[in-house]
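These are my notebook entries on one protein structure. I set down what I looked up, entry by entry.

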Amino acid sequence: CEERQRRNLPDVLTRSKPDFKHRYLRRPRHRLHHRLQLHKRQHRHKPWLMKWYNAIADGYDELRGEEQRAKLRQFNPYIEPDMRVLDVGFGTGISDEMFDSTVIGIEPNKSMLQSYDGNTTVYNRPADDLGGLFEESVFDAVLCVSTAHHFKDAERVFGQIRRVLRP
């Protein structure tokens, strides 16, 4: 204080930096936990989003098809033909055409499903409702491409995904 008064410096310039405990112990332990908490507070489910997907469903493959295919190609080395795969956010069925394995889809938007013409089993429900739909450890892989930011409760959905995956 005396030094600050002597130099006539503003308080901000002479204030000491917070120590380690003050600075770091107040943060969440894991960044993922922090992001999930932030997701809960800021990104609630928006009803207008379903209307937007209804509007673009017919042209979704032209609009975002190549982008989705590029993302799904990254999984090619890991998904074998004899695997059971759950696709959360099935959309128009791009994952079904890309993999020779058994794909089961979850898609909350009926308009997106209407443009799908394959024979894969697809459930028309949000990913938050995986709870009673599948037994434990029934899938070899779960795809969740471009959908996690739409979940109402991401912790719950990822917990259910973990439950249905085989160890």
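This is a predicted model: local features need pLDDT of at least 70, side-chain atom pairs count only at pLDDT 80 or more; totals for chains, interfaces and linings use all residues.

**Entry 1**

A salt bridge requires the nitrogen and the carboxyl oxygen to be within 4 Å. I then asked which side chain joins that of Asp87 in a polar contact. The partner is Ser95, with a polar contact of 2.5 Å between the two side chains. Asp87 itself lies in strand 1, which covers residues 84–88. Leaving aside neighbours within four places in sequence, I listed the contacts of Asp87 as Ser95, Val103, Ile104, Gly105, Ile106 and Leu143.

**Entry 1: The overall plan**

I next looked up the secondary structure and noted nine helices and four strands. Along the sequence, I read their order as α-α-α-α-α-α-β-α-β-α-β-β-α. The protein has 167 residues, of which 32% count as buried. Of the contacts with a separation of 6 or more, 56% are between residues 24 or more positions apart.

In soluble globular proteins, nonpolar side chains tend to be buried together.

Leaving aside neighbours within four places in sequence, Val164 is in contact with Leu86, Phe134, Glu135, Ser137, Val138, Phe139 and Val142.

**Entry 2: Helices with a buried face**

In helix 9, I noted Ala154, Val157, Gln160, Ile161 and Val164 as buried. Seen down the axis of helix 9, these buried residues fall within an arc of 130°, so they line one face of the helix.

I asked which residues of helix 5 (residues 47–56) are buried. They are Leu49, Tyr53 and Ile56. Down the axis of helix 5, its buried residues fall within an arc of 70°, so they too line one face. The face of helix 5 turned away from this buried side carries the exposed residues Pro47, Trp48, Lys51 and Ala55. The buried residues of helix 5 pack against helix 6 and helix 8 (110–114).

Leu72 lies in helix 6, which covers residues 60–73. Is Leu72 buried or exposed? Leu72 counts as buried because its relative accessible area is 5%, under the 20% limit. Leu72 and Ile94 are 22 residues apart in sequence, and their C-alpha atoms are 8.6 Å apart in space. Beyond neighbours within four places in sequence, the contacts of Leu72 are Ile94, Ser95, Met98, Phe99, Leu143 and Val145.

Gln68 also lies in helix 6 and is buried, with a relative accessible area of 10%. With the neighbours within four places in sequence left aside, Gln68 is in contact with Tyr60, Ile94, Val145 and Ser146.

**Entry 3: Salt bridges**

How many salt bridges are there? The count comes to six. I looked up three of them.

- Arg64 and Glu67 form a salt bridge, with their closest N and O atoms 3.7 Å apart. Both lie in helix 6, three residues apart, about one turn of the helix. Arg64 is partly exposed at 29% relative accessibility, and Glu67 is partly exposed at 35%.
- Glu97 forms a salt bridge with Arg69, the closest N and O atoms being 2.9 Å apart. This pair links distant parts of the chain, with Glu97 in helix 7 (residues 94–98) and Arg69 in helix 6, 28 residues apart. Glu97 is exposed at 52%, whereas Arg69 counts as buried at 16%.
- Arg166 and Asp140 meet through their side chains in a salt bridge of 2.7 Å, N to O. Arg166 lies in the segment after helix 9 and Asp140 in the loop between strand 3 (122–123) and strand 4 (141–143), so the pair ties together parts 26 residues apart in sequence.

Methods. Residues are numbered from 1 along each chain as its sequence is written. Side-chain values use heavy atoms; hydrogens and water are left out. Helices (H or I, at least four residues) and strands (E, at least two) are DSSP runs, numbered from the N terminus. A polar contact is a pair of N or O atoms within 3.5 Å; within protein, one must be able to donate a hydrogen and the other to accept it, and residues adjacent in sequence count only if both atoms are side-chain atoms. Contact means heavy atoms within 4.5 Å. Buried means under 20% relative accessible area, exposed over 50%, partly exposed in between (1.4 Å probe, protein chains only). The arc is that of the directions from the helix axis to the C-beta atoms.
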